[in-house]
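Please look over the model shown below. This briefing takes up a sheet, a helix pair and some backbone angles.

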Amino acid sequence: MSMAPTSESPLARAALITVALVFLGFFLLLPLLAVFSEALRQGAGPFLDALHTPDALAAIRLTLLIAAISVPLNMVFGVAASWAITKFQFPGKALLITLIDLPFSVSPVVSGLIFVLLFGANGLFGAWLAEHDLKIIFAVPGIVLATVFITFPFVARELIPLMLEQGKDDEEAAISLGANGWQTFWHVTLPNIRWGLLYGVLLCNARAMGEFGAVSVVSGHIRGETNTMPLHVEILYNEYDFVGAFAVASLLALLALVTLIAKTVLEWRFGLHAGARH
Amino acid sequence: MIHLRGITKRFGDYPALHGIDLDVAPGEFIALLGPSGSGKTTLLRIIAGLEFQDSGTVLLGGEDVSSLPVAQRHVGFVFQHYALFRHMTVADNVAFGLSVRRGKDRLPKAARHARAEELLRLVQLEGLGSRYPGQLSGGQRQRVALARALAIEPRLLLLDEPFGALDAKVRKDLRRWLRDLHKQMGLTSIFVTHDQEEALELADRVVVMNQGRIEQIGAPDAVYMNPETPFVSHFVGETNRLPVPGTAAGSEIHFRPHEITLAPDGAEALLVDNVFRKGAVWRAEGLLEGSGQFVELDLPSSGEAPRLGQTIRFNPHRARMFNANGDQTQGETR
């Protein structure tokens, strides 16, 4: 039996695979199982009851609302930013690329604090907002702002490499054939990026629903009003309501799993990264 | 048909074009020939309106289109990598230019389809309308791109390296086919190429470009036989260059490998160090005695092959002399 020149000895291969699997099992699989087993420790009844409390339902509703606002916004922002960066030359382009990455490199708590400093009672616009009876911090608008900020990079990060690779030829062909900007976007660009866009939106959605740090700073933790699912999990946990905490947590974990599966299916079905240009 | 006056273009600090003037008559088939970086593609894109000149004017059919965007110039542009819309069928690709029309120019769907079918027949792809571009060969894609560009009934057809991405055999067939199509349709066409053979074979006139300037414009035969600058002499066809003794530094004599007469008392002597068959002739390469200059010669293959180490004495019977500034100081000498 011959070995490929780059392959390791069977022993080294087995060792590497074992290390990877053990690590994965210990840090990913085990916690995931723990979440579901803790949630179902006292059976399905208490699990469902925990999800049916008014506070839990309010948290689920709020989380869905936040995602329903911030994901479409970031879809539009992300497409616009990627379009600008990949199809045009303009001064400040490098700066824009760096700025898009900012939410990834800044701690979410700091991101939250930025909005408190801007819109809080003692913040830059605080007095003006109070005067006009507008509430942003410790209210839904603040949570939306923080979530939009945190999840901004997902769509753009997914689209920029894809659109760079595809180049401008298709768009130029379309306009040379008489298409206007909107027709070019709708009939040529969007079909070319649709799977990358869907993938970015999935990731964006998962993060929008799961974000804790930034949302925690701006939310004010008002039960039934400004608690999202991750915040609700923390409150229940701090009150020693483990079944309740893990029941809500398992919903979030389920969302993560669904996202992963959807992502895998997309990659398998459309060869997203292998053959973006088929 | 096309009149370009004083076209200049810079990309940042990089000067791409310096004052290009060019006139193209209706129905002409023009090749923009040059090495990469010569500005030929930039010039083509400026004619199309995909790029805008920094100064100068572009006239198409007497109309000043200098600041019109591509969508309003009614030119057909064929991209080097075809740029076919891969999520649309071949027929939808061809009909794209018709289906994006709005208002009174918009044809009904049946008419658009009929037109696409007609164009597919013209490019000999009848019956492939329902395929996707990914299911076609390179040569077929190229023809779809051409049909799509022709669908808008352009007043001018522009092709960027139309055969660049194809293999040699397909390239040759497609070349002849495009030549015939051009004649048949009587369309004014300009294509960009770095392949001199392609330019000489297809074009009515060849525009040789180098470093953002036009070096020479002329019929293929004239460009080949009477290159006006050392660059053209070197870039179009093969050329031997010999320094001229007893003249100002930098003066050179240029002659082609076949522009020689064998003579026992010839002025030059080549010491052969490589011989191979090049089509219908023997190609002998080596250094000249005395100057040590590298020279290639073509010898009739009816005779015996030159031997390695042999000395071949010859005179160039037709040559051009350029001074250090690149000016031609003497035409056909000796």
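In what order do the strands of the open sheet in chain B run, and what is the pairing? The order is S6-S7-S8-S3-S9-S10, and the pairing is mixed. The model is a predicted one.

**The sheet in chain B**

- The open sheet holds 6 strands.
- Strand S6 (75-78) and strand S10 (213-218) of chain B are the edge strands. Each of them pairs on one side only.
- On average, neighbouring strands of this sheet are turned by 15 degrees against each other, with direction ignored.
- Strands of a sheet pair through backbone hydrogen bonds, and they do so either parallel or antiparallel.
- Strand S9 (residues 205-210) of chain B runs antiparallel to S10(B), and 5 bridges join the two.
- Within this pair, B:Val207 has B:Ile217 of S10(B) as its bridge partner.

**Helix packing in chain A**

- Two packed helices are described by the angle between their axes and by the distance between those axes.
- In chain A, helix H4 (residues 93-105) packs with helix H7 (residues 140-166). The angle is about 130 degrees, and the axes are 7 Å apart.
- H4(A) and H7(A) are therefore oblique to each other, since an angle between 115 and 145 degrees falls in that class.
- The crossing of H4(A) and H7(A) is left-handed.
- H4(A) makes the contact with A:Ile97, A:Ile100, A:Asp101, A:Leu102, A:Pro103 and A:Phe104.
- From H7(A) come A:Phe149, A:Ile150, A:Phe152, A:Pro153, A:Phe154, A:Ala156, A:Arg157 and A:Ile160.
- By class, the contact of H4(A) with H7(A) has 12 nonpolar residues, 2 charged residues and no polar ones.

- Most residues other than glycine have a negative phi.
- A:Asp133 is not a glycine, yet its phi is positive, at about 60 degrees.
- A:Asp133 sits in the loop between helix H6 (126-131) and H7 of chain A.
- Is A:Asp133 buried or exposed? A:Asp133 has a relative accessible area of 71%. That is over the 50% cut-off, so A:Asp133 counts as exposed.
- A:Phe138 also has a positive phi of about 60 degrees and is not a glycine.
- The loop between H6 and H7 of chain A holds A:Phe138.
- A:Phe138 has a relative accessible area of 40%. This value lies between 20% and 50%, so A:Phe138 is partly exposed.

Note on methods. Residues are numbered from 1 along each chain as its sequence is written. Chains are lettered from A and ligands numbered from 1 in the order in which they are written. This is a predicted model: local features need pLDDT of at least 70, side-chain atom pairs count only at pLDDT 80 or more; totals for chains, interfaces and linings use all residues. Side-chain values use heavy atoms; hydrogens and water are left out. Axes are lines fitted to C-alpha atoms, for helices over the stretch in contact, and angles run from 0 to 180 degrees between N-to-C directions. Helices (H or I, at least four residues) and strands (E, at least two) are DSSP runs, numbered from the N terminus. Angles under 35 degrees count as roughly parallel, over 145 as roughly antiparallel, 65 to 115 as roughly perpendicular and the rest as oblique. A crossing is left-handed if the near helix is turned anticlockwise from the far one by less than a right angle, and right-handed if clockwise. Contact means heavy atoms within 4.5 Å. Ala, Val, Leu, Ile, Met, Phe, Trp, Tyr, Cys and Pro count as nonpolar, Asp, Glu, Lys and Arg as charged, and the others, Gly among them, as polar. Buried means under 20% relative accessible area, exposed over 50%, partly exposed in between (1.4 Å probe, protein chains only). Two strands pair if DSSP finds at least two bridges between them.
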